[in-house]
Amino acid sequence: MSIKTLTSIGPANKIARSEESHPLTWRLRDDAQPVWLEEYQAKNGYAAARKALSEMAQADIVQTVKDSGLKGRGGAGFPTGVKWGLMPADESMNIRYLLCNADEMEPNTWKDRMLMEQLPHLLVEGMLISARALKAYRGYIFLRGEYVDAATNLNRAIEEAKAAGLLGKNILGSGFDFELFVHTGAGRYICGEETALINSLEGRRANPRAKPPFPAAVGVWGKPTCVNNVETLCNVPAIVGNGVDWYKSLARPDSEDHGTKLMGFSGKVKNPGLWELPFGISARELFEDYAGGMRDGYTLKCWQPGGAGTGFLLPEHLDALMYAGGIGKVGTRMGTGLALAVDDSISMVSLLRNMEEFFARESCGWCTPCRDGLPWSVKILRALERKQGTQQDIDTLLGLVNFLGPGKTFCAHAPGAVEPLGSAIKYFRSEFEAGVASSAAPATTGQFVPA
Amino acid sequence: MTQTTNSNTLIQTDRFILSEAEHAAIEHEMHHYEDPRAASIEALKIVQKARGWVPDGAADAIGEILGIPASDIEGVATFYSQIFRQPVGRHIIRVCDSMTCYVGGHESVVAEMHKQLGIGLGETTSDSRFTLLPVCCLGNCDKAPALMIDDDTFGDVQPDGVAKLLEAYV
C-alpha cells in the first residue's frame, strides 16, 4: 500500500490525548495514517464488542446507551438511547436494519471524514455493537460519493473484520450474524435527512418521507430501521466498554450533555482544525485556545456554532458553553459543534446570498415553501448585493424566515436555511438596508405581510 | 455517435447497449440489497464510470436489468447532482461552494479557473479536458477553499496556485 496523506490530517492528530479522556480520537496516529485491524486491536479495539456480544443482553446495551445520555452527533441532538428504544419490541419483526448516516455534507462539517478515513474500525465496531443492541442483521454505511478515501478505508476495514470473524455469521461465537455494506451516494445534501436517506438507499429520489411512521417502525424496505450518525456510533464502543459512570465524568460540570464532541473552528482563524473536547467548554476556549483566535489583520465579526443551519452569533456570545443548552441560551443550536468564524472583510448580504444559493440548489423540491421560498430569498439577496433592493425586501426576507421556519415545511431543510438568515438580519440589519437602491420608492403596504 | 447541435440538445442516434462488464457489475451490485431497485444509483454510476456520462438509452437498459420502469431510472438520474446526463470533460473539477469556502475566497478561485479555462460553473472546455462544477461542502473546511479534481481533494487553494494544479490533468 502506498502511503497517502489523508485530507483529514489536522490538529486532532497532534494534541495530547488519552484513552480515558479522548474515547473517539486517542487511537489516531500522529502521522494520520489509517489505523488498521492489528493496530486497532492492539489499542484495545473490539474489546467492547467482545464484552457486548459475550456478557451483555441486548436490552442491557440499549439501557447502557440510554443511561449514558448519548445524543445524536449529526446536528439534531436527539437522544440515541430513546431512538433505539423506539425499535419495536415485537420479536416477529425480525428483519431490522442499522443505517449509518455518513452523508456528511453540512457546510462547515469535517468530522465524520476524519473518523472514517483514519479510524474505520471504530465505526465498524460501533455498528457491530449497535446492531447487536438493535437486533439488526444488516447494516449500510450511507457514504457520500466524494469521500473516496473513506470508502476505500471502510471497505478494507470491513474485509479485515470479516476475515477476523468480527462480521458475518456467528460473530465471536455469539450466534449473532451481522453483515455490513458501504453504499456510496451520488450527491444532494438532502440525502442526510434520515427518511430521504432511506429513500435514496432504496434507489429512489431523495425526497423525505412523512413521519409518522418513523423509521423505527417502517424504515428501509418497510422494515424497522435505525439511522445514526458516524460520530454517534463511534461513541458506542467506549460507552459499552468503560461504562456509564466513566462516560458521564467526561464533560465539564456545567454541561447537561455528556461525553466528548468533535469540535472545530474554521474561517480566518490562526489554527483552523478539529479537536475532541468535552461538552461544556466555552466557545471562547475553543476559539482562542484551540483555534488561536483570528489571523493577524482580521477581526471576528460573527460566528456560527455548528453548521450552515445554525444561527449567527456575535463575539460577545463566545462565553456561551458548547453544549445544546449552552448555545440554546444565546438563541441558536449547537448543531454539529464545528464553528465558523466570519471576519470583518465579509459582507453579510453576500455571505447569506452564498448560503441561500446552496440551500435553494439543494432543496429537493418536494414541498412548496422550500422549493419556491428559497430561490425567492436568493433573488432578493442578489438584488441587495447589487444595491438594487427595494424598500420591501427586508420585510419579504423576514416573511420568508417565518414561513419557511420550523413546522411549516415537510422536513428541516428550509428551517435550517432560514435560521442563519433570520439571525443575520437581526444582528446586521443595516448591511441589508444598505442594499436598498437609493432611488427605491419608500415602502408601501407590503404585498407580503409577515405573519 | 453523438452529435452536438447546441449546448443543450444532443441527438443520440446509436442504440445503447450495456457492455458485458457493465452488465456484470450491475448484477453484482443488485445482490447487496433486498430489492433490485436499490442498485439503480450504483448502476448509473457504473455506466458513468465507463463512459463519463449517462446516455439516454442507459435508463432503458438499466431498467430492464432491475425490473423497474426506465422513467424511474431517469427520475433518479436527474435528481442526483453527480450523475451526468450530458457529456462532460475528461476531468471533473468540483469546487466546494460552502460558506466556509466562500469566506476562504473560493469565488476568486472560480474566477481564476474561468480566466484560465474559459469556462464558468456547469460548463465544459471546448477541448473536453475539464468540466467545472460546484459541489456541496467537501468536508475539508479547516483547509478552505477546497476542491476536487476527479478523485483527488485539494485544500488551501488560492488563485495563484490554480495553473499548477490543473497541469497534472491532461
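Analyst: What follows starts with the contact between the chains and then moves to each chain in turn. The model is a predicted one.

The contact joins 35 residues of chain B to 41 residues of chain A. On the side of chain B that touches chain A, the elements giving two or more residues are α2 (40-51), α4 (70-79) and α5 (99-104) of chain B. Of these, α5(B) gives the most, with four residues. By class, the side of chain B that touches chain A divides into 17 nonpolar, eleven polar and seven charged residues.

One residue of chain B can be followed across to chain A. B:F79 lies in helix α4 of chain B. Leaving aside its neighbours within four places in sequence, B:F79 is in contact with A:R188, A:R205 and A:A206. B:F79 counts as buried because it has 21 C-beta neighbours inside 10 Å, and the cut-off for buried is 20 or more.

Together with α1 (20-30) of chain B, they are included in what covers the buried residues of α3(B). Those buried residues of helix α3 (residues 58-66) of chain B are B:A58, B:A59, B:A61, B:I62 and B:L66. They lie on the same side of α3(B), because the arc they cover around the axis is only 165°. After α3(B) comes B:G67, which has a positive phi near 75°.

Two further places in chain B have backbone geometry worth noting. Most residues other than glycine have a negative phi, and most peptide bonds are trans. The peptide bond from B:A144 to B:P145 is cis, with omega near -5°. B:P145 sits in the loop between β5 (130-135) and β6 (147-149) of chain B. B:D150 is not a glycine, yet its phi is positive, about 50°. B:D150 belongs to the loop between β6 and β7 (152-154) of chain B. With 12 other C-beta atoms within 10 Å, B:D150 is exposed.

Now to chain A. Its secondary structure comes to 16 helices and eight strands. The radius of gyration of chain A is 23 Å, close to the 22 Å that the globule rule gives for 451 residues, so chain A is as compact as a globular protein of that length. The C-alpha trace of chain A spans about 80 × 50 × 45 Å along its principal axes. Of the 451 residues of chain A, 57% count as buried. Among contacts in chain A with a separation of 6 or more, 72% are between residues 24 or more positions apart.

One helix pair in chain A can be described in detail. Helix α3 (residues 58-68) and helix α9 (residues 230-242) of chain A pack with their axes 10 Å apart, at an angle of about 100°. α3(A) and α9(A) are therefore roughly perpendicular to each other. From α3(A), A:I61, A:T64, A:V65 and A:S68 meet A:V236, A:I239 and A:V240 of α9(A). This contact has five nonpolar, two polar and no charged residues.

Chain A has its own cis peptide bond, joining A:K211 and A:P212, with omega about -5°. A:P212 lies in the loop between α8 (194-201) and β4 (225-229) of chain A. A:N170, in the loop between α7 (148-163) and β3 (179-184) of chain A, has a positive phi of about 45° although it is not a glycine. A:N170 is exposed, with 10 other C-beta atoms within 10 Å.

Definitions and conventions:
Residues numbered from 1 in each chain as written. Chains lettered and ligands numbered in written order. Predicted model: local features only at pLDDT ≥ 70, side-chain atom pairs only at ≥ 80, totals over all residues. Contact = placed C-beta atoms within 7 Å. Nonpolar A, V, L, I, M, F, W, Y, C, P; charged D, E, K, R; others polar. Arc of directions from axis to C-beta. Axes fitted to C-alpha atoms, helices over the stretch in contact; angles between N-to-C directions. Parallel < 35°, antiparallel > 145°, perpendicular 65-115°, else oblique. Rg over C-alpha atoms; globule rule 2.2 N^0.38 Å.
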